[in-house]
Amino acid sequence: MQVKENKMIRITVLEEEKQYQILCEEKKSIMQALLLANAEISALCGGKGICGKCKIKFLKGKTEPSDKDRKTFSEKELEDGYRLACTAYPRETAVIQLYMQKEQKIKVVAETEEKPYNGTAYRKDSDFGIAVDIGTTTIAMQLLEKSKKESISAYTGLNPQRSYGADVMSRIDAANHGWGEQLQKKIEEALEVGFSELIGKADILKEKVEEIIISGNTTMIHLLLGYSCETLGVAPFIPVNTGAVRTDSEKLFPNSGLKCSVKIIPGFSAFVGGDITAGLYYCQMQKKEGTNLFIDLGTNGEMAIGNREKILVTSVAAGPAFEGGNISCGIGSVPGAICKVDMKGRKIESLETIDGKEPLGICGSGVLEAVFELVKEAIIDETGLLEEPYFDNGFLLDEQRGKNPIVINQKDIREIQLAKSAVRAGIEVLLKRFGSTYKDIENVYLSGGFGYYVNVEKAIGIGMLPRELSRKIKPVGNTALAGAKKLLFQNAEWKKLRKLTDMVQEINLGGDKEFQEFYMEYLYFTLK
Ligand code: FES
């Protein structure tokens, strides 16, 4: 029997100064062809035609506009050849210009409240270890001199799997649609690049690296280890394995030239992974007599409450808004992202961007600030409605001379509203189930990149965090990395992780009536 091969269509890609060609299989989208060609692209929604970030322009061979194109572009833009790469299925040779958002310079919180790596003198014949945090958006790692318990070099980068979607669900979806091997390869290669840079900077022999400890959420670890994600993305969300894994670098990172053991920090469930174990361990929640709250805000909101008797954990679907995802002018924490907003009356009093660059868009902490300011100035009402004359076109933050203006629109406000009430409702349920009140809480550890940059006062203002806890809130930075570091320095503690994971109970908030009630209650904006 003859197998009919699909036609390959040649696409010429223009990207800034570069020009190259890719082949696109018939019935495949331009996005899929770009991914196969390893192009660095941004597909925040994982190619569902929702985020609008995969903009291209056909200079030749334009496709019929899809429904999603019609929702995203004006008639004039469609006529000029603008399309979404994820819904463009070419039928003939084409020339396209890429307009996708590049985020190589994203700011990664690789540090913690403790002293960062210091680059001081170290003995090259010492024994070293590498602590790694694989985040959904970013990767952070440090090379550590074990005997002196010091970090001597650090590396941060973007998780290249972002091309397959910004959140864990898009990655699971991609893995379940045949991209699992590519996803695994991408993270393996990205970590190998990081290892080689760390070792190169420190100028040590690879043989001196004894151990690598990795923390990551359950999806990141599944993709790294090549586990099937089939049951991870659908109820009842069953992971293949969340236990501790011991393996070696020759198996996991064959091109790294390292010969050492690799340990993966255990997690609890599909939504509460080893990154949270590392965070709880770093904050030593399991040893404290008093009750502490741990909140990690990223593409998901994970939180825990506990003391040395018991720890409860849960996760809420906060959506990617806190990382600039699903926000009309949202971008990651890159130079030029608006991160601070102050208003007086109906006017912007000051805008601050990351690194003081020309405004390009707005990042998660910037959106939260803008929403707070708009509520403060009564431009957003209690229910989250933008008042006239801003309802249709949004509130202008920056004209961005000659380019698309940066605005906050009604949909953006809803995203923040849903995210903040999910987080707050999660906190309230945890407190209640633990039998605690605000008064009983000793510390609130605010973990993760967003927690590091967010203006706590404004987060309290929109009701995301309780005012009663304001003096107890401590941004603690990247605790997933800090926990992995701590474990490297205290090898004997690895065995005690089991005790920590055993004392944790997870609360599933899906369909929880009390959670729903709190969620509805905290949807409102009443300035606190
Ligand atoms: S719209 Fe194409 S990747 Fe989101």
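In this predicted model, 11 residues of domain 1 are in contact with 11 residues of domain 2. Domain 1 covers residues 8–98 of the protein chain, and domain 2 covers residues 128–264. The C-alpha centres of domain 1 and domain 2 are separated by 30 Å.

| Property of the interface of domain 1 and domain 2 | Value |
|---|---|
| Area buried between domain 1 and domain 2 | about 850 Å² |
| Share of that buried area on carbon and sulfur atoms | 53% |
| Salt bridges across the interface | zero |

On the side of domain 1 that touches domain 2, the residues fall by class into seven nonpolar, three polar and one charged.

The second topic is a residue in another part of the chain. Glu373 is placed in helix H8, which comprises residues 364–376. Is Glu373 buried or exposed? Glu373 has a relative accessibility of 2% and therefore counts as buried, since the cut-off for that class is under 20%.

The surroundings of Glu373 can also be described. The side chain of Glu373 forms a polar contact of 2.5 Å with the side chain of Lys376. When residues up to four places away in sequence are not counted, Glu373 touches Val341, Asp342, Met343 and Lys458.

Methods: Residues numbered from 1 in each chain as written. Predicted model: local features only at pLDDT ≥ 70, side-chain atom pairs only at ≥ 80, totals over all residues. Heavy atoms only, no water. Domains from an automatic or database assignment. Contact = heavy atoms within 4.5 Å. Buried area = accessible area lost by both parts, 1.4 Å probe. Salt bridge = Lys/Arg side-chain N within 4 Å of Asp/Glu carboxyl O. Nonpolar A, V, L, I, M, F, W, Y, C, P; charged D, E, K, R; others polar. Helix = DSSP H or I, 4+ residues; strand = E, 2+ residues; numbered from the N terminus. Buried < 20%, exposed > 50% of the residue type's maximum accessible area, 1.4 Å probe, protein only. Polar contact = N/O pair within 3.5 Å; in protein donor to acceptor, adjacent residues only side chain to side chain.
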